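The entries follow the order in which I looked things up.

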Amino acid sequence: MINLLSNLKIAVPDKIFIKDPESSDLGKRIIEHSILLIDEIGFDDFTFKKLGAKIGSNESSIYRYFESKHKLLLYLTSWYWAWVEYQLVFATHNMPDEKKKLFRAIEIVTKTIEEDVMFTHVNEVVLNKIIINEYSKSYLTKEVDAENKEGYFVVYKRLIKRLSDMISNVNPNYKFASSLASTIVEGALHQHFLKEHFRSITDCDSKTTPTEFFKDLTINAIAN
């Protein structure tokens, strides 16, 4: 199966980058080490100068791929959601039972991440930590509406739409499928954050997972 999928390319909206980082070894090193550096020092302290020092490259060479660190964060988050979407589609393909299909999808978008050996330049476990801690910085900006019109968030919105459709397939009369779908995806990030940093205000811990919580929430919300 690994050989069958070895040529899979995670698609990111091309307006986010100047040059596709997947097209060169340097580009892949930029992605690989930006993930590690952002995890190490946080996005606020991250700069292309620091990244360049890590990879032994001029700062200007990084600007040939991304015009700003904000665009790099948009790339990383879009790549992550596209990767999650790929997993969701693959895991639910040809599942005839709509309820089981929905529950499997919830598992995919809320689970603790494991590294995917197909993408050697991306550590998905570390990238997931960045998504949990930094994702909101990609859209809580003055430019969010303009960037949304440019299609920067199309992958994330498409993932929400897939989950929303699965909810509607289980209960076509449920009126809040999109709101519930976005709550599951965003809420999972928040519960993972709380589990790590504010344990006193979540029921999720080493025994109770965010997946269990969101399955319970969903089935009670959409029950006839």
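The entries below cover helix packing and then the pocket.

**Entry 1, basis.** I worked from a predicted model, in which local features need pLDDT of at least 70 and side-chain atom pairs count only at pLDDT 80 or more, while totals for chains, interfaces and linings use all residues. Residues are numbered from 1 along each chain as its sequence is written, and side-chain values use heavy atoms, with hydrogens and water left out.

I took helices as DSSP runs (H or I, at least four residues), numbered from the N terminus. The axes (lines fitted to C-alpha atoms over the stretch in contact, with angles from 0 to 180 degrees between N-to-C directions) of α9 and helix α10 (residues 210–222) cross at roughly 150° and come within 10 Å. The two helices α9 and α10 are therefore roughly antiparallel (over 145 degrees; under 35 is roughly parallel, 65 to 115 roughly perpendicular, the rest oblique). I noted a right-handed crossing for α9 and α10 (the near helix is turned clockwise from the far one by less than a right angle). Contact (heavy atoms within 4.5 Å) involves, among others, Leu180, Ile184 and Ala188 of α9 and Phe213, Phe214 and Ile222 of α10. By class, this contact has 8 nonpolar, 5 polar and 1 charged residues (Ala, Val, Leu, Ile, Met, Phe, Trp, Tyr, Cys and Pro are nonpolar; Asp, Glu, Lys and Arg charged; the others, Gly among them, polar).

Ile106, Val109 and Thr110 of α5 meet Ile184, Val185, Ala188 and His192 of α9.

I then asked at what angle the axes of α6 and α9 cross. Helix α6 (residues 124–134) and helix α9 (residues 177–197) cross at roughly 95°, their axes coming within 9 Å, and α6 and α9 are therefore roughly perpendicular. Ile131, Ile132 and Asn133 of α6 touch Leu189, His192, Phe193 and His197 of α9.

A pocket here is an open set of points on a 1 Å grid over the protein atoms alone, where a 1.4 Å probe fits, with protein on both sides within 12 Å along at least five of seven lines; lining residues have an atom within 4 Å of a point. The largest pocket holds about 270 Å³ of space (a volume filled by probe spheres set on points joined across faces, edges and corners). Its lining includes Asp39, Ile132, Asn133, His192 and His197. Helix α6 gives the most to that lining, with 5 residues. The lining divides into 3 nonpolar, 5 polar and 4 charged residues.
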